[in-house]
Amino acid sequence: MNKIHTLHDAVEKFVHDGDHIAFGGFTTNRKPYAAVYEILRQRRKDFIAEGGPAGGDWDILIGAGRVKAFINCYTANSGFSNVSRRFKNAIEQGTILFEDYSQDALILMFAGAALGLSYIPVRVMLGSDLVNKWGISKEERQKIDKLPNEKYIIQDDPFNPGQKLVLLPTPKLDTAVIHVQKASPDGTCRIEGDEFHDVDIAIASKHCIVTCEELISNEEIRRDPNLNKIPGFVVDAVVHAPHGAHPSQCYNYYDYDAQMLRDYDAASKTAEDFEKFITTWGYEPKTHEEYLNKLGAGRLIKTRVVPGLGYAPKAKK
Amino acid sequence: MADYTNYTNREMQAVSIARSVQNGQIAIVGTGLPLIGATLAKKCFAPDCTLIVESGLMDCDPIEVPTSVGDCRFMAHCAVQWPNARYVGFQANEWQHGGNRMIAFIGGAQIDPYGNVNSTSIGDYHHPKSRFTGSGGANGICTFVNTVIMMQHEARRFIEKVDYVTSPGWIDGPGGREKAGLPGDRGPMMVVTDRGILKFDEKTKHMYLAGYYETSSVQEIVENTGFEIDVSHAEKIAPPEPEIIRMIREEIDPAQVFIKVPA
């Protein structure tokens, strides 16, 4: 079965206004930026965003006003922006609904969803304002059908009397978008380096879009199945998007583009400069290929990793 | 010859973090200063410690300083890459272990006398004056693991009551953690600031001044702490060997990603 799509068609088919969406990757690593820019271009909006360890990916969509509710545990391009600036601004200005969980909680909520569970019991968040304060009120939650009516429920542990559990509702995701190193036309994915929470969100979502550095044949990817992380039947669309995680990192392929992360840090300080930035890098290139051409080969080559090190030495400079 | 005796408070903070790690411990490392401290610990003070990272990387040994916990610099040369959920479960299972097998470093914007830390927002939660990243891995860490807390030592940060408890410490004193449903035999061990080291009284769980740097003073610390603090146990902390400072500057953070070298 051939699931190869253009980036345009994959987003058009599987990302809709109001969707409950999760992205793969971790702050500045393997974030699906090519897909983020395509979502931006197609003007999709009103997302219920399941943030996970987020960075510029969700900050761009928040800054562009596309996110209705942001389920958050951490949002920063660590080492470049200590707190993602459009995210920070949206919460300070009260222009977004937001809910805080701990990272442990969100990761287990993804894992629970992947296991088909409607909730998952944890022992984190107790004794903190993560349980004492709700970002999104019960009333507000009842108005949004993608959100559970409760942030959590605290209960006694039925197996260990005297201990408390926090029951966390698992997200019912419409779409997961992940960027991987290798995928085959039938949707089989190979992730190199840390998989983060990507396999969980791929399994938990109704639809999964995969962008990949390399397309390899169905035969070739099966030669070493123990390296593969996602079977094809989990995936709806495979998009060949080399450097699709730029400016974030992609293990074994390229390091972050420190200059662009610094440029984004500066641009995202004000709404005006942010608009200019996403116009330059999001709207003006009509496709991911145009984006890469605008960046230029020299810039991309500079981020190539040194085999054996797994990163590009001095990439920060 | 470069001068390695002109160490800064921030370098002293990194050295203090490094000195808190013991051989055989598993240290959960975040980004920034803790990373410099943990790397220094592994190189100098506790070569048999193991570094792990909340994105699921186990037994890390980075050559170049990573900028985040998900950085490829951490992935390269680590022993095992777990899915994120596996790390979370491993950390939670510390509940059953007891003892001090693990140690972790967390930071924050505000701290109270019982070591409760805020890294979420300043002001009203829904209309904050300033919003930060959110918990990240810190809440899970402080639930199950003994912590060393890194803070900038300023009166506006050391306050009677934090605006938002992201990472519970000893809550409201003895028994506070158990009442909240947290393990009572874990909690904040130490606060390492750019002026000194604070610990928690075993009986009252209240913070006290344990030590001050040669570059600081008891008076300066009292002035920069927004609550009453016992200074009767405060001792001057030995300065770092120049060789340690050389390692930070030349080997661990030569690009000055997290620690600036004085001009």
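B:Arg73 and A:Asp255 join their side chains in a salt bridge, 2.8 Å from N to O. A salt bridge here is a side-chain nitrogen of Lys or Arg within 4 Å of a carboxyl oxygen of Asp or Glu. The model is predicted: local features need pLDDT of at least 70, side-chain atom pairs count only at pLDDT 80 or more, and totals for chains, interfaces and linings use all residues. Residues are numbered from 1 along each chain as its sequence is written, chains are lettered from A and ligands numbered from 1 in the order written, and side-chain values use heavy atoms, without hydrogens and water.

**Interface of chains A and B**

- The rule finds two salt bridges across this interface.
- Polar contacts link 29 residue pairs between chain B and chain A, both residues at pLDDT 80 or more. Such a contact is a pair of N or O atoms within 3.5 Å; within protein, one must be able to donate a hydrogen and the other to accept it, and residues adjacent in sequence count only if both atoms are side-chain atoms.
- On the chain B side, the largest share, five residues, comes from helix 4 of chain B. Helices (H or I, at least four residues) and strands (E, at least two) are DSSP runs, numbered from the N terminus.
- Chain B gives 54 residues to the contact and chain A gives 63; contact means heavy atoms within 4.5 Å.
- The two chains bury about 4500 Å² between them, 56% of it on carbon and sulfur atoms. Buried area is the accessible area (1.4 Å probe) that two parts lose on being put together, summed over both.

**Salt bridges within chains**

- Over all chains, the structure holds 33 salt bridges.
- A:Asp265 pairs with A:Arg85 at 2.7 Å, N to O. The partners lie 180 residues apart, A:Asp265 in helix 10 and A:Arg85 in helix 4 of chain A.
- A:Asp265 counts as buried because its relative accessibility is 12%. Buried means under 20% relative accessible area, exposed over 50%, partly exposed in between (1.4 Å probe, protein chains only).
- B:Arg101 bridges to B:Glu94, with the closest N and O atoms 2.6 Å apart. B:Glu94 is buried at 2%, whereas B:Arg101 is partly exposed at 31%.
- One network of salt bridges with shared partners joins A:Asp255, B:Glu64, B:Asp71 and B:Arg73.

**Helix 9 of chain B**

- Helix 9 covers residues 242-252, and its buried residues include B:Ile244, B:Met247 and B:Arg249.
- The buried residues of this helix pack against helix 1 (9-19) and helix 2 (33-45) of chain B.
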